[in-house]
Amino acid sequence: MGFFVVALLRQLPFGAQGATHRAMSDSRPIPSLLYFAAAFGAGGLLSLMVLFNGTLAIYGSLLFASWVPHLTGTMLAIAILLVLRPRRASTFRPPLWAYLGGIAGGVTVMLTSATMNTALALSGTIALGLAGQVLFSLFADMRGLFGLPQRMPKPRDYLALALIIVGSLVLIFLGGAP
């Protein structure tokens with residue numbers, strides 16, 4: 001599904017950089033509102049995916065809950081490739097580690113399927129998952145992992161992470177049904 005959204009976004013009349021009118025001291029481009037909406041929608045789809053996969057885990061196993069969505073996702077990706085026939089973005093081959101996303105995806109599906117069926121529930125699983133994503137992203141930026149430009153986190157990055165963790169704890173310990 002994510003591939004389909006990216007393919008659609010790439011065909012829109014504006015560039016991937018979005019609007020670029022910011023103050024002279026800040027040369028970072030302003031993301032388009034469409035990209036905010038796409039990312040927000042992807043978050044909703046992620047929650048739906050965790051719910052579906054967790055339900056599969058109840059009726060099968062964690063491996064089954066990982067295998068089924070990857071099989072159906074592969075079938076959807078093949079159908080989209082046949083319909084859109086996108087060109088390669090680059091003539092260069094990606095590094096070998098770039099092909100490991102499926103392993104991370106499979107493990108992620110199994111872990112979220114297991115945790116959503118606990119006291120964490122769906123909202124706690126997603127919230128803590130977001131905290132883990134932000135923490136790893138900050139670490140990857142700091143170290144320049146996987147060819148990323150090295151960027152040291154700013155205090156606001158740590159504040160954002162702290163707010164996500166506190167929000168996760170509020171969802172888990174103060175929210176939900178009794």
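Contact means heavy atoms within 4.5 Å. Helices (H or I, at least four residues) and strands (E, at least two) are DSSP runs, numbered from the N terminus. The structure is a predicted model, in which local features need pLDDT of at least 70, side-chain atom pairs count only at pLDDT 80 or more, and totals for chains, interfaces and linings use all residues. Residues are numbered from 1 along each chain as its sequence is written, and side-chain values use heavy atoms, with hydrogens and water left out.

The chain has six helices and zero strands. Along the sequence the pattern reads α-α-α-α-α-α. The chain holds 178 residues, of which 17% count as buried (under 20% relative accessible area; exposed is over 50% and partly exposed in between, with a 1.4 Å probe and protein chains only). Its accessible surface comes to about 13000 Å² (Shrake-Rupley method, 1.4 Å probe). Carbon and sulfur atoms account for 74% of that surface. Among contacts with a separation of 6 or more, 55% join residues 24 or more positions apart.

Helix 2, helix 4 and helix 5 pack in pairs, described here in turn. Helix 2 spans residues 33-59. Helix 4 covers residues 101-116, and helix 5 covers residues 121-143.

The axes of helix 2 and helix 5 come within 10 Å and cross at roughly 125° (axes are lines fitted to C-alpha atoms, for helices over the stretch in contact; angles run from 0 to 180 degrees between N-to-C directions). That makes helix 2 oblique to helix 5 (angles under 35 degrees count as roughly parallel, over 145 as roughly antiparallel, 65 to 115 as roughly perpendicular and the rest as oblique). On the helix 2 side, the contact involves Leu46, Ser47, Val50 and Leu51. Leu122, Thr125, Ile126 and Gln133 meet them from helix 5. By class, this contact of helix 2 with helix 5 has five nonpolar, three polar and no charged residues (Ala, Val, Leu, Ile, Met, Phe, Trp, Tyr, Cys and Pro count as nonpolar, Asp, Glu, Lys and Arg as charged, and the others, Gly among them, as polar).

Helix 2 also packs on helix 4. The angle is about 75°, and the axes are 8 Å apart. Helix 2 is therefore roughly perpendicular to helix 4. Val50, Leu51, Asn53, Gly54 and Ala57 belong to the helix 2 side of this contact. Their partners in helix 4 are Val109, Thr112, Ser113 and Met116. The residues of the contact of helix 2 with helix 4 divide into five nonpolar, four polar and no charged.

Helix 4 and helix 5 complete the set of pairs described here. Their axes lie 8 Å apart, at an angle of about 140°. The two helices are therefore oblique to each other. Helix 4 passes helix 5 in a right-handed crossing. Thr112, Thr115 and Met116 of helix 4 make the contact with Ala121, Leu122 and Thr125 of helix 5. The contact of helix 4 with helix 5 has three nonpolar, three polar and no charged residues.

Leu51 lies in helix 2. Leu51 counts as partly exposed, because its relative accessibility is 33%. Leaving aside residues up to four places away in sequence, Leu51 touches Met116 and Leu122. Leu51 and Ser123 are 72 residues apart in sequence, yet their C-alpha atoms are 9.9 Å apart in space.

Two residues other than glycine have a positive phi. Ala121, in helix 5, has phi near 65°. At 31% relative accessibility, Ala121 counts as partly exposed. Arg85 has phi near 45°. Arg85 lies in the loop between helix 3 (62-84) and helix 4. Arg85 counts as exposed, with a relative accessibility of 63%.

Phe146 sits in the loop between helix 5 and helix 6 (155-174). Its relative accessibility is 49%, so Phe146 counts as partly exposed. Beyond residues up to four places away in sequence, Phe146 touches Trp97 and Phe136. Phe146 and Pro95 are 51 residues apart in sequence and 9.2 Å apart in space, C-alpha to C-alpha.

Technical notes: A crossing is left-handed if the near helix is turned anticlockwise from the far one by less than a right angle, and right-handed if clockwise.
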